[in-house]
There are 2 protein chains.
Amino acid sequence: MPVLVMKFGGTSVATLDRIRRAAKRVGVEVAKGYDVIVIVSAMSGKTNELVGWVNETSPLYDAREYDAVVSSGENVTAGLMALTLQEMDVPARSWQGWQVPVKTTSAHSSARIEEIPPANIMAKFGEGMRVAVVAGFQGVSPEGRITTLGRGGSDTTAVAFAAAFDAERCDIYTDVDGVYTTDPRVSAKARKLDKIAFEEMLELASLGAKVLQTRSVELAMRYKVKLRVLSSFEEQSDEAGTLVCAEEEIMESNVVSGIAFSRDEAKMTLVSVADRPGIAAAIFTALSDGGVNVDMIVQNISEEGRTDMTWSCPVDQIKRAEVAIDAAKKSGELNFDDLIADTDVAKVSVVGIGMRSHTGVAAKMFQVLSNEGVNIKVITTSEIKISVLIDRKYMELAVQALHDAFELDKRA
Amino acid sequence: MPVLVMKFGGTSVATLDRIRRAAKRVGVEVAKGYDVIVIVSAMSGKTNELVGWVNETSPLYDAREYDAVVSSGENVTAGLMALTLQEMDVPARSWQGWQVPVKTTSAHSSARIEEIPPANIMAKFGEGMRVAVVAGFQGVSPEGRITTLGRGGSDTTAVAFAAAFDAERCDIYTDVDGVYTTDPRVSAKARKLDKIAFEEMLELASLGAKVLQTRSVELAMRYKVKLRVLSSFEEQSDEAGTLVCAEEEIMESNVVSGIAFSRDEAKMTLVSVADRPGIAAAIFTALSDGGVNVDMIVQNISEEGRTDMTWSCPVDQIKRAEVAIDAAKKSGELNFDDLIADTDVAKVSVVGIGMRSHTGVAAKMFQVLSNEGVNIKVITTSEIKISVLIDRKYMELAVQALHDAFELDKRA
């Protein structure tokens, strides 16, 4: 029988009632003849609670223990979902990551899936089981310890299963009914997209649009997994939600397809560092080794052989960055006056594959922001996106102005 | 280095502060030179929450999924305890049941430990790790699925580790400071015992004194594990708490050493069943196959070839019992008028190894209850205990009267 992967996020399984509603959706697909792999997140709030406990216990925690703790929420949902399906007379059982096994790297708390052998689950499908409920977000390292894939990792679990089982489609059920031109909570004019290209979704995901985890979109693109984002709170047709697909499948699109933003960025500046060859390498190797995900980088003009180096990174990695830079200072690799963290910033980005064939998008973006009196602190660009770091208080204003200027409320 | 096993129950790890306090106790033993195996329960309330969800989802749940869900609480505590110890610079790591592995039978939700290979943990002790934190209550079946050992199973985990690692002692930290002659909440005259024999503890445990799980005492007796029950909320000397030990190590004791009671029993009566050879076997085989733990049994005098059969079992197994008996009726194995469940009963027991050499304990017990106007519904006895089933409303009265009559407030 054809395999379908269905993933339910935290809000979609937040209560026993919602688990029941999700199970009914699964039942509909089973009735159509699919063998279904259901990937579940933890009930919403649970993972945050666990992460809070870990942080309070040990601010610079051992990531192996972090993983052992925070992976437990998904196990609960998986078991409850299997029981709910059984109550509906759908043959189902739960699987934890190590039972499948979902083999990952040893990079605890941000592990990558390396292999998902389908044999165990396929054997059960062969015996008449119709639904395999798998705890998302988790796997097992070569050393036999529990790993997690980073926040939002259940999306990646879902796409990886879709690839490993050659699934017909991977449906991501969430609390929104699709991918929007921007967050409707920030702009009332935000419009749902019927289709979006993998590349665009990738930029949106990595830029803070929290609909899908970045890694899941990368995987879907590489393995050509048809990915659909849809709401678990509405009755659904086969055309509901937003289909994330190859560029060729999209006939018409706006030059800019979406505006993304993120409040979770911090700007860090290393003040008066010696400007010598290899200094950037010294700084960013130290940060990388310390587990800091650096995004944007700016180096000031050098004065008297010294310069300031600025970068952005997730707010919750400031402490790690400070520890890494301190260690480099103590070992004599770095010499500087001060390390300043600014958390009062936000990143705003415009994204669209149309930018490849249209010029002037950047100029228009900067003009719009200038008209609103918004100062740009840092800029980065890629082939299909332009990002700026601005004062956090201007974020909503900037998003709304850009959404209007690029006419995203109108269909192409 | 000698190995010590320390087990912390749910109330001892109920908050991050309490986990820290428990970790300090562990640190004291590490400083003395022990390699320590710490067994942890779920934070108090967590397992009940999980069990509640399972019961609400599926009243006649698949026990394999029940185990997958309810075992998750211990994983959280194990990781948090390891992190807390690491923060105190004590080399520690957590282990889940399947990682050790704690090999059990496949009897889900009441599995028995079959083997705990010490190699993995001993290797880590050899590398300088000082504390192995193990999630209690759980193991892994030959089929690779998660099992649990039944409520209170972490005690059994602790004793099994003490046996497998030839530990010097197994300390059970709990919210009481030892084993009492009866529950101090029921009788203000209850007295803490310095020592109690395995056999007595076994009767007390199985009779509802919730200090230790029955199975853990059986294991300790078989493998001669020195077992100590003590409070995690007080500063402790080496002589604190109650030592559960072999009879020979106790010089003097009262004839009766304790009064146990249980409110979790139900009385079930099968009304007007055909009195023929094999009828008891038919009934109790059905109940056993249905997973019902029958305790007391009484058969009424037969009238006109029909009789009533009465038994007691845990309150939460009534539904299972009804299903099992119904099935037996439908298959034609049983024929009866009615099945009545009475949950308004309690079991009260007097226990003491001194009863082996002293007569008249039963007579005295029945006289005391009679003097108080308490009607006895069912009686069972063993070599060292006498149990009666009575109306629940008389339970406290009965316990207090028996405690006085056998002078348990006075040391032997």
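This is a predicted model: local features need pLDDT of at least 70, side-chain atom pairs count only at pLDDT 80 or more; totals for chains, interfaces and linings use all residues.
**The four-stranded sheet**

Chain A contains an open sheet of 4 strands in the order β13-β18-β20-β19, with antiparallel pairing. At its edges stand β13 (258-262) and β19 (376-382) of chain A; each has a single partner strand, so one side of each is left without a neighbour in the sheet. From one strand to the next the twist averages 20°. Strands β18 (residues 345-351) and β20 (residues 385-391) of chain A are joined over 7 bridges in the antiparallel sense. One of the bridge pairs is formed by A:Ser349 and A:Ser387, the latter in β20(A).

Helix α11 (residues 361-371) of chain A packs on the sheet and touches β18, β19 and β20 of chain A. The direction of α11 makes about 20° with that of β20(A). Helix α12 (residues 395-405) of chain A also packs on the sheet, where it touches β13, β18 and β20 of chain A. The direction of α12 makes about 10° with that of β18(A).

Strand β20 of chain A holds A:Ile390. With a relative accessible area of 0%, A:Ile390 is buried, because buried means under 20%. The C-alpha atoms of A:Ile390 and A:Lys347 are 6.3 Å apart in space, although the two residues are 43 residues apart in sequence. Beyond residues up to four places away in sequence, A:Ile390 touches A:Val345, A:Ala346 and A:Val348, among others. Its contacts also include A:Ile376 and A:Lys377, as well as A:Met395 and A:Ala398.

**Annotated binding-site positions**

The unreviewed UniProt entry lists several residues under "binding site", among them A:Lys7, A:Thr174, A:Asp175, A:Arg185 and A:Lys210. The listed positions are spread over 205 residues of sequence and are also spread in space, up to 23.9 Å between C-alpha atoms.

A:Lys7 is placed in strand β1 (residues 3-8) of chain A. Not counting residues up to four places away in sequence, A:Lys7 touches A:Ile39, A:Ser41, A:Ser154, A:Asp155, A:Ala158, A:Asp171, A:Ile172 and A:Tyr173. With A:Asp155 there is a polar contact between side chains, at 2.9 Å.

A:Asp175 is placed in the loop between β9 (170-174) and β10 (195-197) of chain A. Leaving aside neighbours within four places in sequence, A:Asp175 is in contact with A:Thr11 and A:Phe233. Its side chain makes a polar contact of 3.1 Å with the side chain of A:Thr174, and A:Thr174 is itself one of the residues in the UniProt list.

The relative accessible areas of the residues described above are set out here.

| Residue | Relative accessible area | Class |
|---|---|---|
| A:Lys7 | 8% | buried |
| A:Asp175 | 44% | partly exposed |
| A:Ile390 | 0% | buried |

Notes. Residues are numbered from 1 along each chain as its sequence is written. Chains are lettered from A and ligands numbered from 1 in the order in which they are written. Side-chain values use heavy atoms; hydrogens and water are left out. Two strands pair if DSSP finds at least two bridges between them. Helices (H or I, at least four residues) and strands (E, at least two) are DSSP runs, numbered from the N terminus. Axes are lines fitted to C-alpha atoms, for helices over the stretch in contact, and angles run from 0 to 180 degrees between N-to-C directions. Contact means heavy atoms within 4.5 Å. UniProt positions are given in the numbering used here, feature names are shortened, and annotations may be inferred rather than shown by experiment. Buried means under 20% relative accessible area, exposed over 50%, partly exposed in between (1.4 Å probe, protein chains only). A polar contact is a pair of N or O atoms within 3.5 Å; within protein, one must be able to donate a hydrogen and the other to accept it, and residues adjacent in sequence count only if both atoms are side-chain atoms.
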